[in-house]
Amino acid sequence: CAGNGICKCRVCECFPNFTGSACDCSLDTTPCMASNGQICNGRGTCECGTCNCTDPKFQGPTCEMCQTCLGVCAEHKDCVQCRAFDKGEKKETCSQECMHFNMTRVESRDKLPQPGQPDPLSHCKEKDVDDCWFYFTYSVNSNGEANVHVVE
């Protein structure tokens with residue numbers, strides 16, 4: 001019974017908060033809670049403690065990642081700025097708010113990942129607090145991990 005119940009006469013009797021023939025389905029919705037406090041960001045259903053995203057544009061563990069939505073660049077600009085250059089709106093809160101992606105520095109724009117790779121990729125050009133342009137890419141791999149490449 002997956003350690004979540006007791007087997008009686010070859011049938012699992014599940015402990016509270018577990019269901020399924022082998023008690024392997026958690027009814028706990030905590031892992032499905034998105035940062036806005038909604039279950040699966042309001043764009044999916046929580047099944048056995050995992051989000052099943054019903055809106056095809058959204059993906060990730062809590063259905064919060066949207067590659068095709070407008071604003072991927074604008075949404076992550078402040079975090080990229082503080083992580084890469086130690087400045088910007090989120091400089092003071094960077095370590096709390098901006099650790100949700102893996103960051104790789106590259107020397108020049110031609111070293112950024114290019115379209116054609118398996119993961120959806122957004123190319124970003126944003127202005128920093130000093131009115132200078134900076135360039136980065138944002139992608140999410142099949143494991144739901146966000147990856148940022150930023151030009152030094």
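Student: Is the disulfide of Cys-1 and Cys-12 left-handed or right-handed?
Tutor: The torsion about the S-S bond of Cys-1 and Cys-12 is about -100°, so this disulfide is left-handed. The model is a predicted one, in which local features need pLDDT of at least 70 and side-chain atom pairs count only at pLDDT 80 or more, while totals for chains, interfaces and linings use all residues. Residues are numbered from 1 along each chain as its sequence is written, and side-chain values use heavy atoms, with hydrogens and water left out.

Student: How far apart are the sulfur atoms of Cys-1 and Cys-12?
Tutor: They lie 2.1 Å apart; a disulfide is a pair of cysteine sulfur atoms within 2.5 Å. The pair links distant parts of the chain, 11 residues apart: Cys-1 is in the segment before strand 1 (5-8), and Cys-12 is in strand 2 (residues 11-14). Strands (E, at least two residues) and helices (H or I, at least four) are DSSP runs, numbered from the N terminus.

Student: How many disulfides does the rule count?
Tutor: The count comes to nine disulfides.

Student: Moving on, which domains does the protein have?
Tutor: The assignment gives domain 1 (5-65) and domain 2 (67-151), with bounds that come from an automatic or database domain assignment. Their C-alpha centres lie 30 Å apart. Five residues from domain 1 and five residues from domain 2 take part in the contact, meaning heavy atoms within 4.5 Å.

Student: How much area do domain 1 and domain 2 bury between them?
Tutor: They bury about 470 Å², 62% of it on carbon and sulfur atoms. Buried area is the accessible area (1.4 Å probe) that two parts lose on being put together, summed over both. In domain 1, Lys-57, Gln-59 and Met-65 lose the most area to domain 2, together 82% of what that side buries.

Student: And how many salt bridges are there across the interface of domain 1 and domain 2?
Tutor: The rule finds zero there; a salt bridge is a side-chain nitrogen of Lys or Arg within 4 Å of a carboxyl oxygen of Asp or Glu.

Student: How many does a search of the whole structure find?
Tutor: That search finds five salt bridges. One of the salt bridges joins Asp-130 and Lys-87, with the closest N and O atoms 2.6 Å apart.
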